[in-house]
Amino acid sequence: MATNTKKAAQRQGFKTGEHIVYPAHGVGQITAIEEQSVAGHTLELLVIVFEKDKMTLRVPVAKIASVGMRKLGDPAVVKKAMETVRGRPRIKRTMWSRRAQEYEAKINSGDLIAISEVVRDLFRSENQPEQSYSERQLYEAAIDRMAREIAAVNKCSETEATKQIEQNLAKSPSRMKAAAAAEASEDDDEDQEAAA
């Protein structure tokens, strides 16, 4: 009995059927807990399936903390992430290669708030300049990770979660001003054409 209690403590509350966040791969589901013998030692492994990536990972229970695996964020964390994407984008004036590394590190951190910062900073509305290929790739990776976790927390589809994120992005004060300015300039153009 004592060994079962010890094993359960090592699992840090993770159980079969539960969705988790694995920093390097995003949201996965624990489908089983297996034991394997390796060099005379018995290892307990969490079997994690990443459905979208068609990938299965086996993580030794002893490595849960060191790989940064965590439970899904709670609704309060999701709310904070949505508030973050509504914020003013923060673009550093450093070389793109350095910024790209920082964005990549935030995406792979598994931290929902850090990922939402990447989404906020790389989002482009229709009236903004086009993104470069690498910016677009990082943006899509970040919004995909964010949507997967929000979908799992809110028990909705990833498409619905992406819509929620995009609606919040559109509510950013700086983006609302930009949209209003774009509309005003279109109205001016129409007024000038009507006067001509």
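What volume does the second largest pocket have? In this predicted model, the second largest pocket has a volume of about 200 Å³. Its lining comprises 13 residues, and those closest to the centre of the pocket are H19, V27, G28, E51 and E158. Strand 2, strand 3 (41-50) and helix 6 are the elements that each give two or more residues to this lining. Strand 2 provides the largest share, with 4 residues. By class, the lining of the second largest pocket consists of 5 nonpolar, 4 polar and 4 charged residues.

Across the whole structure, a search finds 1 cavity of 30 Å³ or more. The largest cavity has a volume of about 50 Å³. Its lining is formed by V21, P23, G26, V27, I107, G110, I115, R145 and E149. Strand 2 (26-38) and helix 6 each contribute at least two residues to the cavity lining. In terms of class, this lining divides into 5 nonpolar, 2 polar and 2 charged residues.

Helix 4 (residues 96-109) packs against helix 6 at an angle of about 15°, and the two axes are 10 Å apart. An angle under 35 degrees counts as roughly parallel, and helix 4 and helix 6 are therefore roughly parallel to each other. Their crossing is left-handed. On the side of helix 4, the contact is made by W96, A100, Y103, E104, I107 and N108, while helix 6 contributes S134, E135, L138, A141, A142 and R145. The contact of helix 4 with helix 6 contains 7 nonpolar, 2 polar and 3 charged residues.

Helix 5 also packs against helix 6. The axes of helix 5 (residues 112-122) and helix 6 (residues 133-154) come within 9 Å and cross at roughly 140°. These two helices are therefore oblique to each other, and their crossing is left-handed. Helix 5 takes part through L112, I115, S116, V118, V119 and L122, and helix 6 through E135, L138, Y139, A142, I143, R145, M146 and E149. The residues of this contact divide into 10 nonpolar, 1 polar and 3 charged.

The remaining pair is helix 4 with helix 5. Their axes come within 7 Å and cross at roughly 140°. Helix 4 and helix 5 are therefore oblique to each other, and helix 4 passes helix 5 in a left-handed crossing. The contact joins W96, Y103, K106, I107 and S109 of helix 4 to A114, I115, E117, V118, D121 and L122 of helix 5. By class, the contact of helix 4 with helix 5 has 7 nonpolar, 1 polar and 3 charged residues.

Conventions:
Residues are numbered from 1 along each chain as its sequence is written. This is a predicted model: local features need pLDDT of at least 70, side-chain atom pairs count only at pLDDT 80 or more; totals for chains, interfaces and linings use all residues. Side-chain values use heavy atoms; hydrogens and water are left out. Axes are lines fitted to C-alpha atoms, for helices over the stretch in contact, and angles run from 0 to 180 degrees between N-to-C directions. Angles under 35 degrees count as roughly parallel, over 145 as roughly antiparallel, 65 to 115 as roughly perpendicular and the rest as oblique. A crossing is left-handed if the near helix is turned anticlockwise from the far one by less than a right angle, and right-handed if clockwise. Contact means heavy atoms within 4.5 Å. Ala, Val, Leu, Ile, Met, Phe, Trp, Tyr, Cys and Pro count as nonpolar, Asp, Glu, Lys and Arg as charged, and the others, Gly among them, as polar. On a 1 Å grid over the protein atoms alone, a cavity is a set of points where a 1.4 Å probe fits but cannot get out, and a pocket is an open set with protein on both sides within 12 Å along at least five of seven lines; lining residues have an atom within 4 Å of a point. Grid points are joined across faces, edges and corners, and a volume is the space filled by probe spheres set on the points.
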